[in-house]
Amino acid sequence: MRRLSIGRPGRASRLAVCLTAAGLTAALLTGSGNATASPEPERTTSEFTANDGVTYTATNNLLPSAGGRGREWMLTWAGSADPAKPDFLAVIDATRGSRTYGEVVNTVTLGPGLSNEAHHMQYVWHKGDRLFAGGLLSDTVFVFDTKALPALKLAGVNSTVDTPCGTAPDAFQVLRDGTAYATYLGGPDVPGPCTYTNGEVRLGNGAAGSPGEIVRMDENGQTISEIPAALAEGEDPEQCANVPKLEKATCANPHGIMVSEERNIMVASDFVEARHFLSPKLPDEARLARQTVRVWDITNRDDPELLSVSKMPDGPRAAREDEKMWHESRVVMEPALPHKKHHKGAFASSMLGGAIFYAPDVTVPDPKWREVFDDTTAYRKAGADRDVTGAGDAGSWLMVSPDDRYLFHTVMGQSTPYGAPLDKTTGMVYVLDIRKLLAAGDNPKCDIDSIDEAYRGGKERDCPAVTSAMPIRDTTDGGPHWGAMDNFQQLRGGLYKETERIGRLATSNYFIAGSFSGDGNHEVCMYDLSKSGKLRQDTRFRDENTGRPCVDFDRTSWPHGDTGPARPHGILFTVSDSVLK
């Protein structure tokens, strides 16, 4: 057994990972919280026997207050803070005007495994989609049928034996045919050569190491193909460190993923070599903080062609930062794609660099990336002190609205290792108007190349403009890591349809326990978005126990029992199938 760790110790906790024959399992510290007891739920269980021989179960704990199926729901993928208690999907009433608005009406508990480190689901849900939910440390993906919302049925499980060339599943994109692409952040199950579905071979240094991969799954989560993310010829060893060192260096640790079926393009951003990231005992830790974005042609859905691997450029703050870890290009967590077919570009954001990059055409062999926004500008808009900058600010979720008007971004707040004063830093969610940048086509002028532009926004007319920056100040343990946009519109008669005009956003405040950015305050919050891009917190979205805005996951009781606090990560808006047109 080899003991691994991800992240730097937090103020009161460390997340540890053990590699066993069954995969990666996490040992998490317990939390605390208070709430009133829930009424007796209706319990139903579904099960699935995976290729590892284990029979997995999902048990609905549906409260009487769920009151039928004709509503909008927010699904929240949460891990128990107590390693002896089950992880679960919380189903929250997200129906405007409902008497149970903000109430957790169902929890779907998983078994038999514990401490999966509940992480991401897909970015957006559409009618008929299955739900893909990843266990980052258990190396397991759970797939749910959503047709009977607010109840969920376990439809499939992708276990450790199904992806020998990758570990640590992170993000998902569901295609129109019901299949999905998933990023696997970490390397193969065991060190050495691994053969992918197309017959290609890459040498890896083991679980939670390098190189990661892309996996295509069917609608039940079964592996269709494992797709290499690393270049066969290797990558720049001066830029890409691997521990242990690989014969052919690679930065392939894909985290975020975006797909355009119309353009046959898939984009993934490289994060970190997870098991060693920010270890104080390792030299050259900045070279473990990835700076790259990868683009594939997915004309052959089962065997995409890797078109390009691009390093993000450093911006004007880099010249003032002594530590390379905080340069604008470091830790490219998320990409984002416009939705209209004639927009060929892509965005990418850096977690420790605090910047947003853009390439006007990612279909070419050598995309031209440039910095188009610095989080420092959003901090000024949010009213933060001048010495709070984008460096080390843990920027996370990044999405383009379906109408290609806005770019949404969450920021957790400057991390303690950076030395940020906790009384000054803040998390935030902000909105950029990107219409002029996209309208510039192949020849945008925007380029953040001066300190003044980093603080005040780009001088060129086509640079993104901040329409709203909402500070989230309860961040001594980290601010909002993830978000979701409500892509549904309520019609007369209780029906819904999908819409390109986004009117609500939600955020979840948790990253990874014991990480450098903190444990978060474990809240899920709702925000209204005006037509002009202004954010306002929806204070009607309240916790049913505390009566305060936001749903608090630091509680004692849940529909499934008194299992204590939980940590919400992935969130997603969904609608009951029977009322969605």
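**View 1. Val332 and its bridge partner in strand β23.** In this predicted model, Val332 has Ser350 of β23 as its bridge partner, where strands are DSSP runs of E with at least two residues, numbered from the N terminus. Strand β22 (residues 332-336) and strand β23 (residues 346-350) pair in the antiparallel sense over 4 bridges, pairing being assigned if DSSP finds at least two bridges between two strands. Because 5 of the 5 residues of β22 are buried, this strand is largely enclosed by the rest of the structure; buried means under 20% relative accessible area, with a 1.4 Å probe and protein chains only.

View 2. Ser260 lies in strand β18 (residues 254-260) and is buried, with a relative accessible area of 5%. When its neighbours within four places in sequence are left aside, Ser260 is in contact (heavy atoms within 4.5 Å) with Ile265, Ile298 and Leu337.

**View 3. The open sheet β9-β10-β11.** Three strands form this open sheet in the order β9-β10-β11, with antiparallel pairing. Since β9 (131-135) and β11 (153-158) stand at the edges with a single partner strand each, one side of each is left without a neighbour in the sheet. From one strand to the next, the twist averages 25°, based on axes that are lines fitted to C-alpha atoms, with angles from 0 to 180 degrees between N-to-C directions. Strand β10 (residues 140-145) pairs with β11 in the antiparallel sense over 5 bridges, and Val143 stands opposite Gly156 in β11.

**Notes.** Residues are numbered from 1 along each chain as its sequence is written, and side-chain values use heavy atoms, with hydrogens and water left out. In this predicted model, local features need pLDDT of at least 70 and side-chain atom pairs count only at pLDDT 80 or more, whereas totals for chains, interfaces and linings use all residues.

Definitions and conventions
Buried means under 20% relative accessible area, exposed over 50%, partly exposed in between (1.4 Å probe, protein chains only).
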